[in-house]
Amino acid sequence: MAEERITDIGPPNYEQFLPPVIKKNYGKWDHHEILKPGVMVHVAESGDKLFTVRCGTPRLLAITSIRKFADIADKYCDGHLRWTSRNNVEFLLTDESKIEALIAEVEEYGFPIGGMGNCISNIVHTQGWVHCHSAASDASGTVKAVMDELMPHFQNMELPAKLRVAYACCLNMCGAVHCSDIAILGVHTRAPVIEHDDLPKMCEIPTLVASCPTGAIRPATVDGVQSVEIVDEQCMFCGNCYTVCPAVKINNAQTDGISIWVGGKVSNARVAPKFSKLAIPFIPNNPPRWPEVVDAVVKIINVYAENARKHERMGEWIDRIGWPKFFELTDIEFTKYHIDDFKHAGETYMRTAQLRH
Amino acid sequence: MADVTIDQVADAMFELVSSMKGKRDLKPMDVSKQMMEKFGDDVDKKMCKKALRQLIDSGRLTYKYAGGSYVTLPEA
Amino acid sequence: MTEMKYKTPLLDELEKGPWPSFVKEMKKEAHRPMVQDAIGQLERSYEEHISHWKHGGLVGVMGYGGGVIGRYSDLPEEFPEVAAFHTHRVNQPSAWFYTSEALRTLCDIWERHGSGLTNMHGSTGDIVFLGSTTEEIEPLFADLTKHGFDLGGSGSNMRTPSCCVGPARCEWACYDTLDACYNITQEFQDELHRPFFPYKYKFKFAGCPNDCVASIARSDCSVMGTWKDEIQVNQAAVLDYAKTVDIDAEICDLCPTRCVEWDGKTLEIDNSNCVKCMHCINVMPKALKPGKERGATILIGGKAPIIGGALLCSVFVPFLEMDKDSDYEDLKELTEAIWDLWGEHGKLRERVGEFIQRVGMSNFLEEIGLDPVPEMVMAPRSNPYIFFDDEIFE
Ligand code: HEM
Ligand code: HEM
Ligand code: SF4
Ligand code: SF4
Ligand code: SF4
Ligand code: SF4
């Protein structure tokens, strides 16, 4: 080989990317204040100030846009910026007088400022039809449609508490959305359909059998060809088999759709972290704008905003008023699908007569 | 105690993976466990890791992802 | 604007509206034929309500078992430019700090080898490059490493660790999340690139219990900053807040252990009963701060539903010092002990949280060599089927 192959160097050391004001005041920040939606200041013990301007993105970014962000950072921030865990960009400045011009330029380029304080920040999401094989719905499209409606909540801070929305396009939940105030989750509802003619040509049967987490796949001879069969009752629609073998079709245009879950959180503030619980089991896919999903999310948020007390996250509010009231206020139908029937289902049954009548 | 070299372990690993071709895919840990059984105290996990790395780096074996990671022969 | 190869009336709908549009982003790179076909295929998915990607093949860079995810079109005749359109995970710098120069370097590299489409960032934390041909995998990797970047994890290995903004810009960070994340990532490069585990293993580093990186839900090992001594109180600043905050209602009543009292003049905290939930500090950031004796709680075993159901991490070590100078020896030792045990006895595709439930927390602790402490459980057992052994007589 002409050139020595370089491996195992790991990521670049973050220190070279920190702005001087951070290097100087690293670990010595005194307090922070949100100055207005999307703009905050951190004040160091030394008195130095660092201003942060937060901007929402669609997560899927063209390098053209990233270069534009780099140009903006050069113009206003001495080239310093970072991304957040929720796919927002944060411009980092020391010169307060440049903030308004920075905001104007970012907004002019089509990206909104906000996502701070008691608001709805960006929707953490996954690949969907843009780039994943087992997607039961599209991530970017649903997120875009929902955020178009929720935009005012991104740009102001008038909710009772933070409200985190997350989206995953199948049960694998690459974004681990299961602890969000509102989780939008793509669901397959039928076991995969097997194309027995193609299967032996495309796939190794032992690997396919081993791929199923629940052991639902068995070798079988179908119409004289060596193939597999799937025990429908054991399938929980994860799509793992399709990952291994494209002849086992998990995706189904008629029966794939979206479910909505509510009341989860990850922070430890006040009450312990919680899982999101099922609100709506199934909404058919309706691209390009998924109006039924958007309406359901907006409705839940509006009811929450009207009824929750200050500092109460979605899950804390529901715990206070009780689930029957939640379903009543939101006009969501409670069905048999809402009652858990997996391993530890019994833990979710109501074993007290303390009810609201 | 007979000294076992990394090359010997690597060869034994290669043989094992070849013999399982089409039957069952093996995880890196499965391969290592079988080597430790085969060679007994002469071989530990560190040696197995080294042998495996040699096989992968030289292209004799390759990783494959099928819901979990496996080692397998490269595609022809 | 580049002329579009396909008519995309459905996707065009998603260019409207105030939120930034991913369709516009895709079109910004449409001067590349592969992006044209990606757009065309996506429109087809919108028409037919179904994905047209499939997985498969053995793709990756020589020697690594992860970092590249094979992605193929299931309509290669119609959309030949995306017949192969692989994902690359590039390990991000700690806390996602960049300079404009570093970003341009990344953009230039991706421009040379792929679609020009990215995710900033993927859910594990990596920079995600969306879509290259198989031929470009090795040249892209060489280009990345030449410029100081490396691939992240995928498959049954340690996944790319990530961390919150921590001491770089947050007064509540109880340890150096950026340094810890970088240190652990470098220490375990072998485990990151060469799958040797039953399944994936994720680290996330959060500086305090606000957990801005969702470590408790999204990692197998959550390192969550906390403190032991008293919350630092600036009484004058509390008085200032009293003008705008109803301290009784918004702080005292919402404290989970009701350990805060306010008489209109001074705020009293019974620190022995504070469970470090962060609520009071969050509401009055100028007046309150975490204590000075700082470290982290180590929690283990969080995961999404596949396979045995979703789990949150549970407490493993209530308090661990996270001194930079110690090189995180304790955390590393603990991690290797867990990997050894789970690596040897874990079943295929069994995350460590599921493994602990299967073998039992007590057995797990015994093997690792940790003593059981009451902080590890919500409550002692109520179930009387105790499997006694001889130890009870000692
Ligand atoms: C010094 C103050 C704080 C700083 C610097 C900070 C920083 C951050 C950042 C940068 C993010 C990613 C946000 C985004 O992308 O929009 C985030 C997310 C988050 N923060 Fe904070 N935060 C602070 C205070 C809080 C408070 C007061 C809470 C809780 C009451 C909190 C809980 C969270 C949670 C739960 C997330 C979301 C994690 C996720 O779902 O991915 N943080 N924080
Ligand atoms: C066994 C079933 C699973 C399969 C077959 C699977 C498959 C995939 C695939 C193919 C991608 C890449 C999508 C792309 O970029 O083209 C992906 C991404 C990802 N997966 Fe999974 N996955 C599985 C389980 C999980 C689980 C349980 C988690 C989390 C706990 C997870 C976390 C992730 C993350 C964080 C990403 C990056 C996604 C993003 O940023 O959009 N995966 N997965
Ligand atoms: S959540 Fe499912 S469909 Fe979506 S990117 Fe992850 S594996 Fe693919
Ligand atoms: S979708 Fe998942 S559970 Fe169903 S058969 Fe395939 S691998 Fe098994
Ligand atoms: S987790 Fe805590 S220390 Fe880290 S950024 Fe969030 S609030 Fe700050
Ligand atoms: S941090 Fe939480 S538990 Fe501790 S005093 Fe404040 S509100 Fe109470």
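Me: What makes strand β10 (residues 221–227) of chain C and strand β15 (residues 294–300) of chain C partners?

Reply: Seven bridges join β10(C) to β15(C), and the two run antiparallel; strands pair if DSSP finds at least two bridges between them, so these two count as paired. Met224(C), for example, has Thr297(C) in β15(C) as its bridge partner. The strands themselves are DSSP runs of E with at least two residues, whereas helices are runs of H or I with at least four, both numbered from the N terminus. This is a predicted model, in which local features need pLDDT of at least 70 and side-chain atom pairs pLDDT 80 or more, while totals for chains, interfaces and linings use all residues. Residues are numbered from 1 along each chain, chains are lettered from A and ligands numbered from 1 in the order written, and side-chain values use heavy atoms, without hydrogens and water.

Me: Why is one side of β8 (162–163) and of β16 (314–320) of chain C without a neighbour in the sheet?

Reply: The open sheet has the order β8-β9-β10-β15-β16 in chain C, with mixed pairing. β8(C) and β16(C) stand at its edges and each has a single partner strand, so one side of each is left without a neighbour.

Me: Which strands does helix α12 (residues 329–345) of chain C touch?

Reply: Helix α12(C) packs on the sheet and touches β9, β10, β15 and β16 of chain C (contact means heavy atoms within 4.5 Å). Its direction makes about 155 degrees with that of β16(C), where axes are lines fitted to C-alpha atoms, for helices over the stretch in contact, and angles run from 0 to 180 degrees between N-to-C directions.

Me: How many residues of chain A are in contact with chain B, and what area is buried between the two chains?

Reply: Eight residues of chain A are in contact with eight of chain B. About 580 Å² is buried, of which carbon and sulfur atoms give 46%; this is the accessible area (1.4 Å probe) that two parts lose on being put together, summed over both. Glu204(A), Pro206(A) and Thr207(A) supply 56% of the area that chain A buries against chain B, more than any other three residues.
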